[in-house]
Every structure is written in structure tokens, then in C-alpha cells.
Amino acid sequence: MIRKERRKRKEGGVEEEIDFKSIEKKWQEEWEKNKIFEVKGAREKKKYYVLEMFPYPSASGLHMGHALNYTIGDIYSRFMRMQGFNVLYPMGFDSLGLPAENAAIKAGKNPRGYTEKAIKNFIKQMKELGLSYDWSRVIETHKPEYYKWDQWIFLKMYEKGLAYRKKAPVNYCPKCKTVLANEQVHNGKCWRHKDTDVEIRQLEQWFLKITEYADELYKGIDKLKGWPEIIKKLQKNWIGKSHGTEILFEVIKPEGKKESWKIFTTRPDTIFGVTFMVISAQHPKLMELVTKEQEEKVKKFLKKIKSVSEKEMEELEKEGVFTGSYAINPVNKEKIPIYAGNFVVADYGSGMVMAVPAHDSRDWEFAKKYNLKIKEVISGGNVKERAFIGEGVLINSGQFSGMKSERARIEISKFLEKKKLGKRTTEFRLKDWLISRQRYWGTPIPVVYCEKCGVVPVNEKDLPVELPEKVKFGEGNPLETAKNWVWVKCSKCGWKARRETDTMDTFVNSSWYYLRYTDPKNNKEIFDKKKSEYWMPVDQYIGGAEHACMHLIYSRFYYKFLRDLGMVKGDEPFVNLFNQGLLHGEDGVVMSKSRGNVVLPEEVSEKYGIDTARLFLVSQASPDKDISWDENGIEGSLRFIKRVFDFVVNFESGKTSELVESKLNKAIKEITEDIKNFRYNLAVIKLREFFDNIPEEEISKKDFGTFLKLLSPFCPHIAEELWHKLGNKTFISLESWPKDGKINEKLLKEEKQIERIVVDIRNILKILEGRGEGGRVVKIFAIPSEISLYEKGKEKIEKKTGLEVKVLSIKDAKKFGEKVVKAKPGKPGILIG
């Protein structure tokens with residue numbers, strides 16, 4: 001049953017109920033019927049593109065944590081729309097992925113129905129939150145008309161050599177039965193199944209050559225002026241640009257065959273101190289270096305290896321095993337052993353590193369554990385106790401001994417280049433993006449394997465390659481069970497060919513979705529260039545900081561690739577980025593369905609009204625800070641909305657005084673800046689402060705309407721209702737944002753002084769009450785120049801304190817026998833008796 005709020009009215013006022021549910025439904029229907037948030041690419045109007053990271057549509061639907069995220073963007077969109085911008089504010093669904101597939105496996109049904117039911121519920125809930133999305137532009141990544149263009153981009157990358165296949169060590173989750181990216185592996189466990197050890201497997205996989213753009217991605221970070229510094233720092237660290245030298249080491253394989261390996265180092269000055277080499281335990285060529293004598297030991301060691309991310313790899317206990325093979329140090333021809341180790345990344349450089357235990361802490365730890373030689377080549381430390389990693393003078397380094405290490409790095413690099421044994425280069429930590437997933441509910445990779453032609457890309461005219469409906473869920477990859485789908489004719493020779501049964505990582509779908517919103521119904525091309533040129537880049541992007549090193553880097557890569565195809569202009573997709581905070585339940589833990597601490601929007605709407613919730617969510621703190629759900633707090637927001645509603649029901653228009661006009665203009669000025677800079681909590685405080693003073697003063701209908709405009713981005717349903725109660729016929733959501741005017745600072749300063757003395761009098765009364773004393777009269781002893789100010793404010797002081805007020809000059813204090821009373825500018829003496 002809908003709760004209707006009933007309030008006591010001032011004497012002579014009309015009593016009215018606030019039926020929040022009916023008001024919300026009424027205006028949601030009016031907005032939709034009149035399509036007021038549908039936007040056209042009107043080129044004569046300045047555009048503004050606001051976008052939140054689109055959600056995965058889970059079956060559990062939205063909770064108030066989601067409501068906070070979307071309210072942040074909605075407030076901003078409504079504000080910019082009223083500022084006169086042509087605002088694009090769309091919503092869609094990142095609807096492919098494992099959760100739907102896992103649910104399908106449990107139910108034994110295709111995930112399509114599960115997904116579309118969840119999307120329907122999400123849209124219903126979002127509309128009930130009053131979000132001003134352009135629902136005519138909805139995109140859903142599981143629809144063939146969307147993922148057709150995922151496949152088109154893949155084919156373009158394949159043409160340019162940026163999509164390729166290779167055998168590589170991969171993280172494999174036996175529960176998900178799919179490959180995981182490094183970022184999806186936490187402490188050697190699957191990010192979804194935290195109790196499942198991830199295995200290392202060597203599989204043929206599809207990669208996107210993001211490293212081709214590594215340098216541009218790195219350099220472009222400094223141009224992202226509207227991004228949080230922490231996100232830029234995380235991206236720089238993830239891409240990891242290093243300047244160093246690539247040195248050729250001769251590797252002697254078990255059968256005596258010699259092979260040159262390029263070994264990257266940032267410290268060529270330590271090359272004379274190399275006493276062993278370490279190859280990644282995950283390297284595909286590892287077993288080629290293992291002798292028969294060491295084979296059993298190496299295999300035993302490899303069974304212990306668990307997949308971890310690079311960050312976790314740094315924290316592991318360093319372990320390894322001798323391969324039986326050796327390398328030759330190019331500068332002194334020393335024969336040095338090659339170990340397999342758990343701390344070297346397979347795809348950084350060549351996947352093998354030169355170890356200098358005297359001058360690298362990790363190598364020193366490894367050398368001590370396996371009793372390997374430690375050779376000091378830079379003076380300045382005690383390498384028996386720990387590695388010396390600082391700068392110094394070279395020793396035991398042949399012709400370079402006596403040289404400072406900084407200069408030695410240059411001279412040794414020159415020496416290696418002259419001898420054709422190395423070259424100076426730049427290396428990046430960023431790896432090529434592994435996109436293959438052995439699952440059903442993803443974008444099919446548009447290639448076939450022909451016995452005669454090999455890998456053959458699907459013709460563009462045959463896109464999309466659609467997911468088959470009839471598959472078996474259970475063990476392994478469901479697509480392999482759709483035999484009629486798997487086996488096709490080769491488009492080149494007509495011979496029997498097999499489709500690729502891997503699907504794409506879902507981060508592919510979200511790497512360009514922001515572009516599709518500019519032209520979502522185009523069936524002939526990915527989007528119209530003129531439309532994307534008008535709308536792009538996204539002016540304000542909103543989403544979680546957890547996406548810093550995946551989605552946000554992948555999106556920048558895709559945008560640059562599409563730019564190079566001539567599809568888009570500019571270098572970056574997102575001008576400004578805002579990271580929202582998280583909503584915690586009343587138990588202090590982040591709100592989550594799995595924790596059972598969620599509050600549902602439907603429940604809140606029923607009890608308080610959704611505008612009350614919106615106002616509360618942004619009142620507690622800046623939107624980038626974490627906040628907690630608090631029933632007492634939302635009751636405070638409800639009381640405020642009731643007072644505003646009550647005021648309009650009993651509204652009598654009057655003439656706005658100069659003081660109220662100044663307060664209103666000051667509020668407009670400050671609230672505008674606060675919303676523009678996401679200081680929503682401060683904007684709400686100023687709205688409340690202004691309204692608190694209105695009942696004491698007269699205000700015109702026009703000026704109160706201005707207050708409602710300031711309120712409308714936060715409480716859109718209530719603002720529309722009250723706007724019409726004032727007799728207006730237009731949508732307040734489409735009204736122009738107020739412009740500030742004249743502010744009489746002298747009047748405002750005087751008003752503050754009156755407010756300050758009221759607070760002081762109330763504080764004194766509390767002290768007197770504590771002593772069992774009281775008073776009926778307050779004497780205010782002011783300096784002569786301020787007497788008229790307090791005389792003018794006398795009525796207000798009496799009304800707020802309940803005392804009779806007498807305003808006197810401080811010079812007259814002695815006449816009344818008040819010797820201890822003191823006064824100074826803005827701080828009169830106060831006596832209560």
C-alpha cells in the first residue's frame with residue numbers, strides 16, 4: 001500500500017497529501033509521451049555529451065548504490081540541458097558475458113532470454129529513478145546489429161596486422177572453462193571464483209596488438225587534463241615506459257645449437273655482473289632449453305606454478321630451477337647458467353632476463369637461495385648483506401672500470417651498438433590484448449580455418465556471424481557442440497572449413513560503444529561520420545576507478561585505431577572523467593546483493609519518494625566520496641521536501657525584497673559553480689539555506705520559480721509538480737537555467753551579523769537554562785556605527801529568540817551599571833535578564 005504523507009499546515013493553510021508515487025508516475029509518463037529528452041544533432045546548437053559507463057544487466061536488478069551512480073550523471077545532464085546545451089545522455093547494456101552464461105548453464109537454457117528479461121527490468125527501474133536518458137538510442141551488446149560492428153572492427157584490425165593468433169601461456173579457470181586476462185586473476189585465483197586456482201595452459205589465442213599504440217597511449221596521458229590524477233598515474237604505471245638497451249646473448253641449447261636472444265635491461269652498466277639468466281616459467285620455448293637430466297626437475301617445478309598478475313608476481317617468494325642450458329655473456333664471454341623462474345613475465349621483452357644479484361634485490365634473493373655467484377661491479381655497498389642498487393663507480397668491468405655508472409650506461413650501450421651486440425631502445429610493460437574466450441555468450445570471432453587456405457577472415461558482406469541458438473551447456477565450449485554452425489564452406493576455395501569457436505573478451509564490446517550512441521540505428525555502417533564528428537568526444541564520462549587499466553585503456557586504443565581508419569577525429573574519446581564513490585549499507589560494507597545489505601529503489605520510492613532519495617544520496621558528501629545509507633538522514637531530506645511542497649500549496653506571491661533578491665542571485669551563482677564542479681552536497685546546502693529564509697520574507701512567483709529551477713536537477717518530479725502548481729504550462733526540465741544578477745554585499749553582510757547574534761543569544765540562553773536561570777529581555781550593546789543595523793533587525797531577533805530586544809550604545813553601558821560589557825565591530829555585547 002502506498003504511503004501518503006500528511007502534514008500539518010500553518011493556520012489558514014490548505015491541507016494536502018503528497019502522493020509521491022502518483023507524482024513520479026505522472027511526470028515520467030509526460031516526459032516519455034512528449035519525448036522531451038530525445039535529442040537531435042542540431043548543429044547550430046552547442047553539444048554536450050554526458051555518459052555513464054553502461055552496466056551489465058544482472059538478474060538482481062538495481063539497488064540504491066546503482067541509483068547513486070546514475071543520479072550523479074542525471075543531475076549533470078539536466079543542469080547542462082537547462083544551460084542551453086544540446087545534451088546527448090544515452091543508456092545501454094553491456095549484455096554479453098559470463099554471468100548470463102553461468103545462469104544459462106544452471107537453468108539449461110540459452111542466456112538470451114535471461115539477459116533480455118534483466119534488461120527489461122533495468123529499464124523499468126531506471127525510468128522510475130527519473131533518469132533523463134534518451135531511450136531512443138538504447139544499445140545492447142548481445143544484439144547481432146551491435147556485435148556485427150565488433151566483428152567489422154576486428155576484420156579491419158586483421159587487415160592492418162593488429163589482430164593475430166599465436167600460442168601463448170594463458171590463465172585458465174577450470175570453473176569458468178575459459179581464459180582470463182591477467183587483470184582477472186587475483187592472488188592466483190579466478191576473479192569470479194575466488195576459491196579456484198587458475199592454471200597455466202599453452203593455447204592458440206587471438207590477440208589485438210595494442211602495443212602498436214603503447215607510446216601514443218603513454219604520451220597522451222598528460223593531455224587528459226580533465227581526468228583524476230590517480231587514474232593517469234595508474235595508466236602510466238600499467239603502460240610502463242622504460243628506456244634501456246637490448247643486448248644479444250648467445251644461448252646454447254641442449255643439442256649444442258646456438259641461438260641469439262634479445263635481452264632488455266635498463267641497467268647495461270651492470271652487464272659485467274651477470275652471473276645467471278632467468279627465463280619465465282610460462283615461456284612457450286622453455287622446454288627447448290631443458291636438458292634430459294633436468295627435465296624431471298623442471299616439470300615438477302612447473303606443477304607448482306600458479307598464474308598471478310604482475311603485481312602479485314612481485315610479491316611472490318622467488319623460486320626457480322636450473323634448465324641445464326647456458327648463455328654466453330657478450331662482453332666477457334663468461335658461460336652463465338639459465339634458470340626457469342616464477343618471477344619473470346613471459347611477454348615482457350623476450351621473456352628472459354639477465355640476473356645481476358649484486359645490484360638487483362630480486363636477483364640477490366634468488367642467488368642466495370640457490371647458492372649462485374654474486375659479482376660486484378659497482379662500488380658503494382656491501383653485497384654480502386644486500387644488493388647495492390644505487391649509482392656508483394664501476395669495478396670489475398674491464399675497460400669501463402673507474403667510470404661513473406650513469407656515464408657507463410651510455411658508453412657500454414655505444415660499445416654494444418658498435419660491435420652489433422645490442423642497441424638502445426624503449427620497452428613497455430603493456431602487453432598485447434588477449435581477446436580469446438572459450439565461452440558461448442560473447443561476440444563470435446569472424447574467421448574460419450580451411451584445410452587448404454588456412455586462416456580465412458569472413459567477408460564483410462556476411463557479417464554478422466551470429467551466435468547459434470542450439471548449443472549444449474555443460475563441459476567445455478558450447479559453440480563446439482553446434483556442428484551445423486561450426487562447419488561451413490571456405491569463402492576463398494569452397495572447401496570444408498571450421499569456424500573459430502572462441503568468442504571475444506567482453507571488454508571489446510565496451511571499447512567503442514560510446515561511438516555507437518551517436519548513430520545507434522545505422523545498419524549500413526558502424527556510424528555516420530558527420531554524426532560522430534558532431535557529438536564526439538564525450539564531454540563528461542562517469543564511472544568507477546576500478547576501470548583505469550582495462551576499459552579506459554582499451555577504449556583509448558580503439559578510438560585511436562578508428563581515427564587512423566579515418567572514422568573519427570581527435571585523439572581521445574573522453575574529455576573529462578569523474579569517478580563516483582560507493583554507497584555502503586547500514587552495516588558499513590559496500591552495498592551488494594551477495595552481502596544481503598542492499599536497499600531497493602522500489603522500497604525507497606514507496607516510503608519516501610524517489611526525489612527524496614536522490615536528494616539524500618547527493619547531500620551527504622561530495623559524489624566522489626564513499627557514503628553510507630542512513631534512514632535518519634533520508635528522513636531529513638523528506639522533511640525538507642515536505643516544507644517546500646507545503647510552501648507552494650499555500651503560496652502567496654509578493655514583492656521580492658532587495659535582500660531576498662541578493663540571496664537568490666548569490667545562490668544562483670554559487671549553486672551553478674557547485675554543480676559544474678560536482679560539488680552537489682554544497683549545492684544542496686545552499687538550496688536549503690535559501691529556502692529556510694523565504695518564509696520570513698515576501699517573494700514573487702517568478703523568483704520562487706527560479707528556486708524551483710535550481711532544485712529541479714536534484715528533485716525533478718517534485719520540481720515539475722510544483723512548477724505547474726504555480727500556474728506554469730511548460731516543462732521545468734526544459735526551462736533555461738537562471739542567471740545571477742545584482743548582489744548587495746552590504747545587505748548580505750548585515751544579514752549575517754543578525755544571524756550571528758541570534759546564534760549567540762541562543763547559546764547564552766542554553767547556559768542560563770543549565771544554571772536554572774532565564775530572562776525575558778536581551779540588551780544588545782553595539783558600537784555606535786552598528787546601532788541602526790541591530791534596530792533594523794530587532795523584529796527578526798525577537799521572533800527567533802522569543803525575547804524582548806533593546807538595542808543600546810556601548811557608550812551607555814555605564815548608565816545601566818554594566819561595567820563589564822564589551823563590544824567591537826560585528827560583535828556587540830549581550831546581556832539577558
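1. A salt bridge is taken here as a side-chain nitrogen of Lys or Arg within 4 Å of a carboxyl oxygen of Asp or Glu. By that criterion the side chains of K369 and E319 meet in a salt bridge, at 3.9 Å from N to O. K369 lies in helix α10 (residues 361–370) and E319 in the loop between α9 (310–315) and β13 (320–328), so the pair ties together parts that are 50 residues apart in sequence. Helices (H or I, at least four residues) and strands (E, at least two) are DSSP runs, numbered from the N terminus.

2. On the basis of the model: this is a predicted structure, in which local features need pLDDT of at least 70 and side-chain atom pairs count only at pLDDT 80 or more, while totals for chains, interfaces and linings use all residues. Residues are numbered from 1 along each chain as its sequence is written, and side-chain values use heavy atoms, with hydrogens and water left out.

3. On accessibility, buried means under 20% relative accessible area, exposed over 50%, and partly exposed in between (1.4 Å probe, protein chains only). K369 is partly exposed at 37%, and E319 is also partly exposed, at 22%.

4. The side chains of K175 and D195 form another salt bridge, with an N to O distance of 3.3 Å. Because K175 lies in the loop between β5 (163–173) and β6 (178–180) and D195 in the loop between β8 (189–190) and β9 (199–208), the pair ties together parts that are 20 residues apart in sequence. K175 is partly exposed, with a relative accessible area of 46%, whereas D195 is exposed, at 56%.

5. R137 and D134 form a salt bridge whose closest N and O atoms are 3.1 Å apart. R137 counts as buried at 9% relative accessibility, and D134 is buried at 1%.

6. A search of the whole structure finds 59 salt bridges. One network of salt bridges links E216, R556, K560, R563, D564, D571 and E572.

7. Turning to helix packing, the axes of α19 (residues 658–676) and α20 (residues 680–693) come within 8 Å and cross at roughly 165°, the axes being lines fitted to C-alpha atoms over the stretch in contact, with angles running from 0 to 180 degrees between N-to-C directions. That crossing makes α19 roughly antiparallel to α20, a term used for angles over 145 degrees. The contact (heavy atoms within 4.5 Å) includes V660, L664 and I671 of α19 together with L682, L687 and F690 of α20.

Notes: Angles under 35 degrees count as roughly parallel, over 145 as roughly antiparallel, 65 to 115 as roughly perpendicular and the rest as oblique.
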